[in-house]
Each structure stands twice: as C-alpha cells, then as structure tokens.
Amino acid sequence: MDPAPIREWLRTTAQLIDQEKDRLTELDSAIGDGDHGVNMQRGFTAVARFLQEDRPQDETAGQLLVATGDTLISTIGGASGPLFGSSFRALGKALDRSGPESDDRRLAAALAAARDSIQRLGAARPGDKTMYDAYGPAADAFARAAEAGDGLAASARAAAAAADEGARATEPMQARRGRASYLGLRSVGHQDPGAASTALVFRALATALEAK
Ligand code: ADP
Ligand code: MG
C-alpha cells in the first residue's frame, strides 16, 4: 500500500487527538485517573514529529505503522500505550506481508490483526467497556465493506461509523477491565475514554482515505 495515505492518517489522528484532548481527559476523570487525553496527545505528538523527519527506514506503509507503534509504546504510558502501540505494530506487520490483492482487503486483514493484538494483550471481551468495544466493530465493519467491494474510502467510513457507535455503546456498560473496573457499578453512565479515542483514530482514517 502507498505510504502517503497512511502518513495522512497518522497526521490527521494527531490533529484530532489534539482537538479532543480535553474531552478524553474528562471521560478518564469520570471513570479513571484523568490522564488519557494527555497520554494520547503525548503519543501522537511524538508520531507527528517523527513523520516530519525524513527517515529512510520508514519507506513502506507497514514500516511507518510499526514505527508508530514503537513510538506510542514508549510515549503514551498507562494501560492504553501498550494496547494502542501493539495495535499499530500489528497493523504494520500485516500490511507489509504479501497477501490479499487489493489495498482495501489488505487493510481489512491488517485491521483484524490489530484488533486481535488488542484482545490478546488486554484480554478484554466485547462488553467489558474498553477500546476493544470500538475497535472490534470498526475492524469488522471495514472487512464487511471491503469484502462487498465498496473500496477503501467507503470501507473506512463504515469503520468510523461503527467505532463511533461502539464507543457510544460503552456508556451504559460496567467496566470489567482496566482501571475503570475498580469502580464497579459506578463506571456505568460514562463513555470509555479508550473507546472514544479509538473512534477518533477511525474518524481520521476515513478523513485521510477520503482525501486521497
Ligand atoms: P490508564 O488506565 O493506565 O490510566 P489510559 O487512561 O491512558 O491508561 O487508558 C485507559 C483506557 O485503556 C481505557 O479507557 C480502556 O479503553 C483501555 N484499557 C484499559 N485496560 C484495558 C484492557 N485490559 N483491554 C483493553 N483496553 C483496556
Ligand atoms: Mg487513565
């Protein structure tokens, strides 16, 4: 896959996280320790910075995404750092592997690998009120649309809508993973911050692939 739209995706994500940092912090203040917005901004600011450098080692789309994952792991911190970081690493590795023919099917397979890496690392199940509740439906929606032949931009739009819906659906859930789970029933009634930031990542993907 051409690395240009992937660069655009990462830049757009950094912008969106910047804009929405306070909302992410508010969500994490309600059911966590209030650092999620700052964590994500620190991570994606570091990614935006390395994108500006001319790094010969990041030539392919996959290499860029693996480098993004490494950067996020070393800068975000918290529970979400390793989870987001490993998801981007898995994406990158899968994207450079030879496999499905078209870009949309390749990206669908890579997003499924990223979803699985979040699940493996965090051991969350659907309904546990985590980022997985946004990532899972988004990866699935992308794959369904790509399989139907809708193409990259429409598949990304479908994924963004599913991620948004998945994030909103975490509001009535009781957290069973991560810091929010310590609150028990008091975690009900607030959207999960990691699910909200996952929705931003997919909104950025739709924007970047639309612009292509
Ligand atoms: P911390 O909880 O360490 O302060 P953050 O505030 O940056 O880290 O991130 C919190 C988010 O991480 C949660 O909203 C949730 O989406 C995600 N998260 C935490 N634990 C898990 C897990 N086991 N599996 C999936 N996601 C998780
Ligand atoms: Mg936190």
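How far apart in helix H1 are Glu20 and Arg23, in terms of helical turns? They sit 3 residues apart in H1 (residues 3–31), which means a separation of about one helical turn. As a rule, an α-helix has 3.6 residues a turn, so residues three or four places apart point the same way.

A word on the ground rules. This is a predicted model, where local features need pLDDT of at least 70 and side-chain atom pairs count only at pLDDT 80 or more, while totals for chains, interfaces and linings use all residues. Residues are numbered from 1 along each chain as its sequence is written, chains are lettered from A and ligands numbered from 1 in the order in which they are written, and side-chain values use heavy atoms, with hydrogens and water left out.

**Salt bridges**

Searching the whole structure turns up 9 salt bridges (a side-chain nitrogen of Lys or Arg within 4 Å of a carboxyl oxygen of Asp or Glu). Here are some of them:

| Pair | N to O distance |
|---|---|
| Glu20 and Arg23 | 2.8 Å |
| Arg115 and Asp140 | 2.6 Å |
| Arg176 and Asp128 | 2.9 Å |

Helices here are DSSP runs of H or I, at least four residues, numbered from the N terminus. Arg115 is buried at 17% relative accessible area, whereas Asp140, at 31%, is partly exposed (buried is under 20%, exposed over 50%, partly exposed in between, with a 1.4 Å probe and protein chains only).

Then there's Arg176, from the loop between H7 (152–169) and H8 (193–211), which pairs with Asp128 in the loop between H5 and H6, so parts 48 residues apart in sequence get tied together. Arg176 is exposed at 54%, but Asp128 is buried at 5%. Shared partners also join Arg115, Asp116 and Asp140 into one salt-bridge network.

**Helix H7**

The 18 residues of H7 should span 26 Å at 1.5 Å a residue, and the end C-alpha atoms agree at 25 Å apart (the expected span is 1.5 Å times one less than the number of residues). Buried residues in H7 include Leu152, Ser155, Ala156 and Gly166.

Asp28 is buried at 8%, and Asp35 is partly exposed at 26%.

Technical notes:
Helix = DSSP H or I, 4+ residues; strand = E, 2+ residues; numbered from the N terminus.
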